[in-house]
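Dear colleague,

I am passing on the structure we spoke about, so that you can look through it yourself. My notes on what was found in it come after the model.

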Amino acid sequence: MYNMRRGKNKRDDGRKKMYTREKIRVGILDDHLTTLSGYQAQLETVSGVDVVWTAQTFNFVEYELKKFETDLLILDASVPMSDEDSRVFPIFNAIPDIIEKYPELAIIVISMHFRKAFIRN
């Protein structure tokens with residue numbers, strides 16, 4: 001998903017302007033530091049991608065989304081609520097609220113779960 005932005009249709013010399021591509025701004029939520037660092041390292045090698053924030057618990061997601069313009073959110077399906085509360089955050093319940101607040105945000109949910117009942121949620 002690239003945000004294609006157009007300036008005026010023509011340059012000062014009468015020629016048409018070309019589209020310019022902005023970098024895809026990515027936020028990553030994963031409670032495993034090694035996995036989080038791996039995603040970040042791999043994505044930073046891709047031109048056109050900028051990892052703008054990372055978090056290990058869900059309580060930071062709203063703050064980061066407000067602070068940084070984010071185009072893509074990569075979520076681990078099982079993350080703790082906060083550093084103090086290790087209960088698993090109900091991520092699938094939060095996604096509709098996130099989409100409502102940030103309708104242009106694309107979300108990818110990553111999971112090690114393989115049970116169909118979990119995946120279908």
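This is a predicted model: local features need pLDDT of at least 70, side-chain atom pairs count only at pLDDT 80 or more; totals for chains, interfaces and linings use all residues.

Residues are numbered from 1 along each chain as its sequence is written, and side-chain values use heavy atoms, with hydrogens and water left out.

The protein contains four helices and six strands, where helices (H or I, at least four residues) and strands (E, at least two) are DSSP runs numbered from the N terminus. Along the sequence they follow the pattern β-β-β-α-β-α-β-α-β-α. Of the 121 residues, 31% are buried, a word that stands for under 20% relative accessible area, whereas exposed stands for over 50% and partly exposed for what lies in between (1.4 Å probe, protein chains only).

Four strands form an open sheet in the order S4-S3-S5-S6, with parallel pairing; two strands pair if DSSP finds at least two bridges between them. The edges are strand S4 (49-55) and strand S6 (106-110), each of which pairs on one side only. Strand S3 (residues 24-29) and strand S5 (residues 72-76) run parallel and are joined by four bridges, and Gly-27 stands opposite Leu-73 in S5. Helix H1 (residues 33-43) packs on this sheet and touches S3, S4, S5 and S6, a contact being heavy atoms within 4.5 Å.

The structure holds three salt bridges, each defined as a side-chain nitrogen of Lys or Arg within 4 Å of a carboxyl oxygen of Asp or Glu. In one of them Glu-69 pairs with Arg-25, with the closest N and O atoms 3.1 Å apart; Glu-69 sits in the loop between helix H2 (61-67) and S5, and Arg-25 in strand S3, 44 residues apart. Glu-69 counts as exposed at 57% relative accessibility, whereas Arg-25 is buried, with a relative accessible area of 17%. Arg-25 also forms a salt bridge with Asp-71, where the closest N and O atoms are 2.9 Å apart, and Asp-71 is buried as well. Lys-101 forms a salt bridge with Glu-62, the closest N and O atoms being 3.8 Å apart; because Lys-101 lies in helix H3 and Glu-62 in helix H2, this pair ties together parts that are 39 residues apart in sequence. Through shared partners, salt bridges join Arg-25, Glu-69 and Asp-71 into one network.

Note on methods. Axes are lines fitted to C-alpha atoms, for helices over the stretch in contact, and angles run from 0 to 180 degrees between N-to-C directions.
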